[in-house]
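Please read the following note beside the sequence and the model.

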Amino acid sequence: MTIIRPPAVAGSFYPADPDILQSEIDGLMDAALHSDVMDDGVTPKAIIVPHAGLMFSGAIAALGFATVRALKGQIKRIVIVGPAHRMAFQGVALAKADGFATPLGTVKCDLAGLQTALSWPQVQILDDAHRQEHGLEIELPFIQRLFGEDSDIGIVPLLVSRCGARQVHELIEALWGGPETLIVISSDLSHFHDYETARHMDNRTRDMIERFDAEGIDSNDACGALPVAGMLMSARKRGMRIKTLGMRNSGDVTGDKSRVVGYGAWAIYTGSEKMRDRDTRAEPSEGFTGTTEQLLAQHGPEMIDLARQSVWHGIRHGGPLSASTASVSPALLEPGACFVTLKKSGQLRGCIGSVMAHRDLATDLCENAFKAGFADPRFPPLQEADLNDDLEISISVLSPARDFPFEDEADLIAKLTPFEDGMILSDGNNRGLFLPQVWEQLPEPADFVAHLKRKAGLSMDHWSTTMRAQRFITRGISGKDITTHDFWKTSD
């Protein structure tokens, strides 16, 4: 039996009458095709477009879809990734459907793409999430009019809720395909600020997108922050190019500038095309993530060895190793903040670190390696007999912590990105920190917050208006990445 997901927002987000809908989409596309941003003559691999009602964001969305007009007859699959608005759940949701209907007809689903997505652990079938969702549906009439209502194109509709941006990135990579595949990221920008505040915030988001700053974007900047960030990770990895096509907010349409929603459209190209205007290209060393991943790739073994030596120094001399500036790589003498974690037979055995960069990274990791082994009050000091292959050491380098505003506890929980966010929670003199690795033990955001409050010395149900949160991310390396045998063996 064929299962069709019926339209949920026809008559509200867009006209329910097929003739009127066709006329509106065609008018928006015609205006977009005659705009200045269409003069590059190149076709992107992916686009980022908004998903509000046609009267609000349709003109901006059309700019994105107009850039892929030349793909008609070429593409066979469109991966559409957007945020879940109607319900929260863990991971990414597909619908149990063979196609998605609009007043213009039915767009079939790509069976092979659905099967590929379902092979990933973060993906589940969840019809309830899709039933009233507008963020993917609003893009379908553009696809139908641009490529033909009876085209052979199949879609892979992915709704993202509580997961990490890297999990979205994994799915995008798995579904990347070749020239037959187009990726559409569905996201609006800031929500419900006054006009000037929204413009300032959205311009900042534009800057982050153009810099491929996947880690900087959060749900305050874009409701589809996770889909956008996942796409930016792929684009950065592949050295792609990006172009801003247009931006506006609802105040530009209605004239009411007291409480607006922002919209933007971007085209993401393979990297070899020549483009004009604000043409930018991803650089692998740009931003905290690129810089830190490059640092770990080049100096990770040296960092792990310094931490290992500092633990041995603690066994023999009762204090941390003093890193010699003459023998340490210059990159490790730059300011940096890290945590050093010890695990014994897979269980936590010590974890100490710095939240802010207040000394050079080499010194920081030597000090923290020693303290993780000998000064974590939760565990007895290490003994030489503990230094065997069952003892694992890892280093996490921290980004600068950034304020993480929220309205109440439910808002804080909803905004967290599992497996990506590190969090500092404080209230008065009480303060607790969880590294992103804690998500492995506490994958539910509510549990994550409750246990973080307990770590801060507060009750798990504590709440007050003075509570403050800061977010950070990490990139790290483990001794097991270097060697799995005789790690602690010493020649002296």
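1. F419 is partly exposed, with a relative accessible area of 34%; here buried means under 20% relative accessible area, exposed over 50%, and partly exposed in between, with a 1.4 Å probe and protein chains only. The residue lies in the loop between helix 12 and strand 18 (422-427). Helices (H or I, at least four residues) and strands (E, at least two) are DSSP runs, numbered from the N terminus. Phi of F419 is near 70°, a positive value in a residue other than glycine. Most residues other than glycine have a negative phi.

2. This is a predicted model, in which local features need pLDDT of at least 70 and side-chain atom pairs count only at pLDDT 80 or more, while totals for chains, interfaces and linings use all residues. Residues are numbered from 1 along each chain as its sequence is written, and side-chain values use heavy atoms, with hydrogens and water left out.

3. F192 also has a positive phi, near 65°, and is a residue other than glycine. F192 is found in strand 10 and is partly exposed, with a relative accessible area of 45%.

4. The largest nonpolar core has 90 residues, and those with the most contacts inside it are F65, I78, F147, L158 and M231. Helix 8 (residues 225-237) gives the most to this core, with eight residues. Such a core is a set of buried Ala, Val, Leu, Ile, Met, Phe, Trp, Tyr and Cys residues joined through side-chain atoms within 4.5 Å. In soluble globular proteins, nonpolar side chains tend to be buried together.

5. Which residues does M231 touch, leaving aside its neighbours within four places in sequence? M231 is in contact (heavy atoms within 4.5 Å) with A46, I172, W176, I183, I185 and I268. A second, separate core of 33 residues includes A307, A362, F370 and I393.

6. The largest pocket has a volume of about 1300 Å³. Of the 39 residues that line this pocket, the closest to its centre are T341, L435, P436, Q437 and V438. Elements giving two or more residues to the lining include helix 6 (165-174), strand 14 (338-344) and strand 15 (347-353). On a 1 Å grid over the protein atoms alone, a pocket is an open set of points with protein on both sides within 12 Å along at least five of seven lines, a cavity is a set of points where a 1.4 Å probe fits but cannot get out, and lining residues have an atom within 4 Å of a point. Grid points are joined across faces, edges and corners, and a volume is the space filled by probe spheres set on the points.

7. The second largest pocket has a volume of about 1000 Å³. Of the 39 residues that line the second largest pocket, the closest to its centre are S219, N220, C223, A414 and K415. The largest share of this lining, five residues, comes from helix 8. At least three residues are drawn from each of domain 1 (4-275) and domain 3 (402-475), with domain bounds coming from an automatic or database domain assignment.

8. How many cavities of 30 Å³ or more are there? The count comes to one, and about 30 Å³ of space lies in the largest cavity. The residues lining the largest cavity are I48, S187, L189, T205, I209, A222, V228 and W266.
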